[in-house]
Amino acid sequence: MADEVILLDFWPSMFGIRCRVALAEKGVVYEYKEEDLWNKGELLLQMNPVHKKIPVLIHNGKPVCESLVIVEYVDQTWSHKAPLLPSDPYERARARFWADFIDKKFYGQGWKVLTTKGEEQEAAKKEFIHSLKLLESELGNEPFFGGKKFGFLDISFIGFYCRFYSYEMCGNFSIEAECPKLIAWGKRCMEKESVSKSLPDPQKVHGYVLELKKAKGIE
C-alpha cells in the first residue's frame with residue numbers, strides 16, 4: 001500500500017519551501033494543499049492545534065509540524081535516496097546549529113528590512129547584512145553548505161533566496177555586492193530541479209510582499 005503524503009502549505013512561505021525541496025530531493029509523491037492563512041482550514045487546525053501554522057506534513061494520517069523537523073523526518077523516513085543530513089555526528093550538529101541561526105536571525109531581521117524606514121531600517125539592514133556575512137563564512141569556498149553535496153543546511157536557507165529581490169528593493173541595497181558567494185550559491189542551487197520547481201518567482205513574491213505591507217498599512 002502506497003504512503004499517503006499531504007503537505008499543508010502557503011506558496012510564498014520560506015518554511016514551506018524547505019519541505020517542498022526536501023520531498024522533491026527524495027522523489028516523494030505528495031498532495032499539495034494551499035492554505036489561506038487569514039482563514040485557516042479545519043484540517044490545519046486539527047493537525048497543528050498547538051501553533052496553528054503551516055507547513056504541516058501529514059504522513060498516513062499522522063501530522064509532523066515545524067519545517068526543520070519535517071525536513072529531518074523526510075530525510076529519515078525516505079532514507080534510501082539523497083541523504084540530506086550529514087552522516088558524521090559533528091557535521092550534523094554543526095548543520096543544525098546554523099539552521100537554528102537562520103531561523104533566529106533572518107525572518108525577523110528580513111521583516112524589518114521590508115517594513116521599516118529611516119534609521120530603523122538602516123539598523124535592520126546592518127544586522128541583516130552582518131548575519132548574511134556570518135552565514136557566507138560558513139559556506140566558505142564550497143559549492144554548497146554541505147560541501148560538495150546539496151543538503152540540509154542548503155534547504156534550510158534556500159527559501160530566503162527568493163526574497164532577496166524584495167529585501168533589495170525595499171531596503172535599497174545589493175546583496176551581491178555584500179555577499180557575492182551567497183548569490184553564486186543561490187544560482188547553483190537553482191540549477192537543481194528540486195529547487196527551481198519549488199521556489200516561487202521572486203517578482204511574484206515581491207508583489208505579495210507589497211500587498212502584505214499595504215494590508216498592514218505600511219507604505
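1. The UniProt record, in an unreviewed entry, lists residues 3–82 as "domain: GST N-terminal". UniProt positions follow the numbering used here, feature names are shortened, and annotations may be inferred rather than shown by experiment. In this span the end C-alpha atoms lie 19 Å apart, with 38% helix and 21% strand. Helices (H or I, at least four residues) and strands (E, at least two) are DSSP runs, numbered from the N terminus.

2. A word on the basis: residues are numbered from 1 along each chain as its sequence is written, and side-chain values use heavy atoms, with hydrogens and water left out. This is a predicted model, in which local features need pLDDT of at least 70 and side-chain atom pairs count only at pLDDT 80 or more, while totals for chains, interfaces and linings use all residues.

3. UniProt also lists "domain: GST C-terminal", from an unreviewed entry, at residues 88–218. Here the span is 76% helix and 0% strand, and its end C-alpha atoms are 46 Å apart.

4. Helix α1 (residues 14–26) and helix α4 (residues 89–115) have axes that come within 12 Å and cross at roughly 135°. Axes are lines fitted to C-alpha atoms, for helices over the stretch in contact, and angles run from 0 to 180 degrees between N-to-C directions. The pair is therefore oblique, the class left after roughly parallel (under 35 degrees), roughly antiparallel (over 145) and roughly perpendicular (65 to 115). M14, F15 and R18 of α1 meet I102, D103 and Y107 of α4, where contact means heavy atoms within 4.5 Å.

5. The largest nonpolar core has 57 residues, and F106, L132, F157, I158, F164, Y167 and W185 have the most contacts inside it. Such a core is a set of buried Ala, Val, Leu, Ile, Met, Phe, Trp, Tyr and Cys residues joined through side-chain atoms within 4.5 Å; buried means under 20% relative accessible area, exposed over 50%, and partly exposed in between (1.4 Å probe, protein chains only). Helix α4 gives the most to this core, with eight residues. Another core, of ten residues, lies apart from it and includes L8, L44, M47 and I58.

6. Not counting residues up to four places away in sequence, F164 touches L132, F157, I175 and I183. Helix α7 (residues 164–171) is mostly covered, with six of its eight residues buried, among them F164, S166 and Y167. After α7 comes N172, with a positive phi near 55°.

7. Where does G207 lie? G207 is in helix α11 (residues 202–215) and is partly exposed, at 30% relative accessible area. G207 and S166 are 41 residues apart in sequence and 8.8 Å apart in space, C-alpha to C-alpha.
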